[in-house]
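Work through the exercises below with the model open beside you. Each task is followed by a solution in steps.

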Amino acid sequence: MGTSLCLDSIDQLRCELTPSLRGTPTVELAALADSKAGISLVGKLELWQITGSFKARGALANVRAMSPAQRSRGVTAVSAGNHAIATAFAAASCGVDAKLVMTASAPDVRVQRCEAFGARVERADDVHQAFERVAEIENDEKRVFVHPFEGELTARATAGVGRELMLDAPSLDAVIVPVGGGGLAAGVSAAVKLTQPSCEVFGVEPVGANSMQQSIAAGKPVRLDAVTSIADSLGAPMALPISFAHCQRYLDDIVTVTDSALRAAMCEIHRTLMMAVEPACAAGLAAARGPLRERLRGKRVGIVFCGSNIDLATWLTLAGDES
């Protein structure tokens with residue numbers, strides 16, 4: 001399980017999805033380079049994807065693959081926001097009804113973006129209740145559940161991010177990718193290793209939401225009793241078999257970063273790039289500045305800026321202590 005990715009299949013799906021998505025740039029981040037450690041940085045700006053995150057790739061791939069009968073029943077999804085927006089977009093693109101469940105902590109702007117695509121949104125108190133509610137909807141209304149991170153098709157779609165990064169910046173020594181449930185890391189790490197086996201790939205999770213790190217240490221997917229982090233987009237409470245298998249196979253290591261480090265990285269990105277990003281989007285830089293700094297010394301490093309759907313008030317609340 002979790003070993004079926006190949007470059008031909010990755011490139012084929014990427015080409016199929018391209019007309020419906022936005023091409024996201026790979027850029028030199030000279031302003032963020034760590035001159036003392038000799039670390040140069042290259043960013044894959046997936047936050048400029050059509051729905052504000054990489055999630056559009058997996059959601060669109062899964063909805064496009066549904067049968068006419070499945071489409072007639074509609075879709076449902078659970079998310080802190082980015083996957084919900086992506087599913088709403090994918091459903092609207094394919095003429096499918098969408099009913100979504102989002103956590104109460106998700107900023108209102110994310111709900112509004114879902115509704116702008118015609119989706120209906122329910123709120124749940126926390127991520128565990130959100131998964132329980134979406135299971136009820138799936139069972140009672142027979143809607144197709146578009147999983148936020150698990151599945152071979154999802155991994156193949158997110159692999160497009162890593163494939164594009166490696167084609168645009170072929171001389172990278174390492175790549176850093178945020179890890180929530182592991183769908184992005186599964187695809188990106190596979191694409192990087194299949195393209196350039198010598199390039200290291202590091203995952204980064206919040207200290208309070210490190211389900212993949214714990215899973216790899218245990219040798220099997222585990223479930224967290226609680227998730228505590230400002231990075232709600234990285235707050236998946238469990239790892240699952242397919243994404244776990246890819247991450248276990250292709251990631252060289254997973255490190256964790258604190259909320260304080262995420263805040264500092266958010267503020268540094270704002271000062272240097274004039275971009276107000278959500279915590280998940282700043283995780284790669286936080287890792288490069290902290291737990292990975294010595295291991296990356298003297299290297300050229302790619303960072304996946306996974307997405308950012310955040311309003312100014314929420315950004316100021318989250319990053320205010322460091323700004």
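**Exercise 1. The enclosed space**

Which elements each supply at least two residues of the lining of the largest cavity?

Solution. This is a predicted model: local features need pLDDT of at least 70, side-chain atom pairs count only at pLDDT 80 or more, and totals for chains, interfaces and linings use all residues. Residues are numbered from 1 along each chain as its sequence is written, and side-chain values use heavy atoms, with hydrogens and water left out.

Step 1. On a 1 Å grid over the protein atoms alone, a cavity is a set of points where a 1.4 Å probe fits but cannot get out, a pocket is an open set with protein on both sides within 12 Å along at least five of seven lines, and lining residues have an atom within 4 Å of a point. Grid points are joined across faces, edges and corners, and a volume is the space filled by probe spheres set on the points. Helices (H or I, at least four residues) and strands (E, at least two) are DSSP runs, numbered from the N terminus.

Step 2. Count and size. By this rule there is one cavity of 30 Å³ or more, and the largest cavity holds about 40 Å³ of space.

Step 3. List the lining. F54, K55, G58, A59, H83, H147, P148, T154 and T158 line the largest cavity.

Step 4. Assign the elements. The elements asked for are α2 and α7; α2 gives the most, with three residues.

Step 5. Sort by class. Ala, Val, Leu, Ile, Met, Phe, Trp, Tyr, Cys and Pro count as nonpolar, Asp, Glu, Lys and Arg as charged, and the others, Gly among them, as polar. The lining of the largest cavity then has three nonpolar, five polar and one charged residues.

**Exercise 2. Helix α1 and S9**

Which residues of α1 are buried, and what does the side chain of S9 reach?

Solution. Step 1. The buried residues of α1 are S9, I10, D11, L13 and L17. Among the elements that cover these residues are α2, α7 and α8.

Step 1. S9 lies in helix α1 (residues 7–17) and has a relative accessible area of 15%.

Step 2. The side chain of S9 reaches the backbone oxygen of C6 at 2.9 Å. Not counting residues up to four places away in sequence, S9 touches S4 and R156.

**Exercise 3. The largest core and the largest pocket**

Which residues touch the most other members of the largest nonpolar core, and which lie nearest the centre of the largest pocket?

Solution. Step 1. A nonpolar core is a set of buried Ala, Val, Leu, Ile, Met, Phe, Trp, Tyr and Cys residues joined through side-chain atoms within 4.5 Å. The largest one has 69 residues, of which V175, I176 and L296 touch the most other members. Helix α8 (residues 183–195) gives the most to this core, with six residues.

Step 1. A second, separate core has 30 residues, including L17, L21, L100 and M102.

Step 2. The largest pocket has a volume of about 750 Å³. Its lining has 48 residues, and A80, D232, S233, L234 and G235 lie nearest the centre. By class, 24 are nonpolar, 18 polar and six charged. The largest share of this lining, three residues, comes from α6.

Conventions:
Buried < 20%, exposed > 50% of the residue type's maximum accessible area, 1.4 Å probe, protein only. Polar contact = N/O pair within 3.5 Å; in protein donor to acceptor, adjacent residues only side chain to side chain. Contact = heavy atoms within 4.5 Å.
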